[in-house]
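Open the model in your viewer and switch to the cartoon view. We will walk through it one selection at a time.

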Amino acid sequence: MDKKLEMLEKLTGIQSSRKNYYVELTHLVHEMQRKNKQLEVLNQLTRIHVNMSWEEVTEYIAVQLIPVISFKLLVLTLVDRSSLSFYIAPMEMPGGTTWSMHRSWNMDDKLSVKRLNQLLEREFPDYDRASVLLRSHSDKAIGFLTMLSHHSYPKEEGQFFRSVADYAGVAIENILLYKDVCEKVKIEAQLIQSAKLAAIGEMAAGVAHELNSPLTAILGNTQLLLRETVNERSSRMLQDVYQCGVRSKRIIQNLLTFSRQDEYRFEEIDVDRLIDDVCSLIGYQLKVSGVMVEISKNPKLPPLKGSRQQIEQVLINLLLNARDALQDKENALIQIITDVLFMEGKSYITLTVHDNGSGIKEEDMGKIFHPFFTTKENLKGTGLGLSVSLGIIESHHGQIKVESKEQEYTQFTIMLPISSEEIKQ
Ligand SMILES: Nc1ncnc2c1ncn2[C@@H]1O[C@H](COP(=O)(O)OP(=O)(O)OP(=O)(O)O)[C@@H](O)[C@H]1O
Ligand SMILES: [Mg+2]
C-alpha cells in the first residue's frame, strides 16, 4: 500500500514540486536578505558627511561595501581638468590605511571607464577591475569608483555597484560643492583682509606724510640750537631730541617707501661721502650704545647712479639693525666696507655692513626680508627696515646678500651695478 502511494507521488510529482518549492523559498529568502543588506549599504552611503576628507570618504565606502561584495582594493578617482587623483582603500589587508596617488592626463584624450581601466591596469596589473562612472546631478562626469579583486564580478553585482555609484556620486558632488563654497568664503575673507590692509597702508602713508614736514622743522631747529648751546646738560638733552627725531624720521621714511609714496630722483652719488653723512647722522646713537664703527673704503670707487636719499635709508637701516644686534655685547664692532666687484660680466659697487653681534637664527633667515617680520620686542621694531631696503636695492637693479652665524656675526652686502645703462633699463 505504502509503495503504491510513493509510486503515485513520484508519478504525479507532488513530492518533487514540494521540494522545489522549499528550495525556491530558501533561495528567495536569501535573495531578499541580500537585497536588504544592499539597501542598508545604499542607505549608509547617504550618511557621507560633507567635511570628510577624500581618504575618509573612500575608506567609508569600502567599509560599507565589504559585507556585500568582496574586493581587495577600492579606488575612488576624482577628475579635475587635466589631473586625476586616486584614493585607494585596501580591504582584507590588516592595518592597511587609505593612500592616494595623483596622475595627469592629456585633456584631448576623453576619459571613459575603458580608458580609466587601462590606466589602472598599468598601476595594478595583478587585479581585475570593475569601474563605474560617478556623475553629478547635471550629468557631468566627476569621477569613478573601482573595485579591484582577483576575480571578475557577476552581472547582478554590476547592477548593485551602479546604484552604489549613484548614491556615492551625490555625496561626492555635495562634498565638491561644499569645498567650493569654503574656498570662495576663504577668498572673500582674504580680499576683505587685503582691502583693509590697503586702507590701513594708505592711512599710515597719509599720517607719515603729514608728520614729515614738522619733523624736518624739529630736526633743523634742534641742529641750530645745538650749535649755539654751550651748556653741557642742555646740549645732551638737545642731542637726545635730535636722535629721537632722526629715529622717527627713519620710521616715517620706511613707511613712505613701503607704501611707495615717497619721491626720489636718481643722481650721481659719491658713496664715500654718503657713508660719512650717514655716520654723522646716527654716529651719536651708535656711540652712546657703546658700538665702535670701523670704515674701510676702496679708494678707487667709481660714482654710483641712484637715489641718494634711498641708499642712505638702506645704510641707516642696516647700521641700526647691527646696533640692535650688538646690545650688551663686549667689543661691539660694526665694520663698513666698500669695494668693487666684477661678477658674471657686470661691475658692482659693494657696500658691506658687518657686525659681531647676536647673529640671525637659521629658522629666521628666510623671513627677515618679509614686511613686518621683527624679533624685536616692545614695539622696538616695525619689521619694515629690511623689506624696504630690499625694495630700494632691487629698484636699483642691485642685490642684497646676507651671511650670519648665531652668536658670532652678521654681514649684509649690498651690490649695486655701476654702469648707468643698467640702472636706466
Ligand atoms: N644685523 C643683524 N643681526 C641680527 N639680526 C638681524 C640683523 N639685521 C636684521 N636682523 C633680524 O631681522 C629682523 C628684521 O629686520 P628689519 O630691519 O626688517 O626689522 P626691525 O629691525 O625688527 O624693525 P625696523 O627696522 O622696522 O625698526 C630683525 O627683527 C632681526 O631679527
Ligand atoms: Mg631694522
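Strands (E, at least two residues) and helices (H or I, at least four) are DSSP runs, numbered from the N terminus, and two strands pair if DSSP finds at least two bridges between them. This is a predicted model, where local features need pLDDT of at least 70, side-chain atom pairs count only at pLDDT 80 or more, and totals for chains, interfaces and linings use all residues. Residues are numbered from 1 along each chain as its sequence is written, and side-chain values use heavy atoms, without hydrogens and water.

**Stop one: the sheet.** Five strands make an open antiparallel sheet, in the order β3-β2-β1-β5-β4.

Which residue of β2 stands opposite leucine 73? Look for proline 90.

**Stop two: the second largest pocket.** A pocket is an open set of points on a 1 Å grid over the protein atoms alone, where a 1.4 Å probe fits, with protein on both sides within 12 Å along at least five of seven lines; lining residues have an atom within 4 Å of a point. Select Val79, Lys140, Ala141, Ile142 and Leu176, the closest to its centre among 23 lining residues. Helix α5 gives the most to this lining, with four residues.

**Stop three: the largest pocket.** Here 45 residues form the lining, and Asn321, Asp324, Ala325, Thr375 and Lys376 are the closest to the centre.

Definitions and conventions: Chains are lettered from A and ligands numbered from 1 in the order in which they are written.
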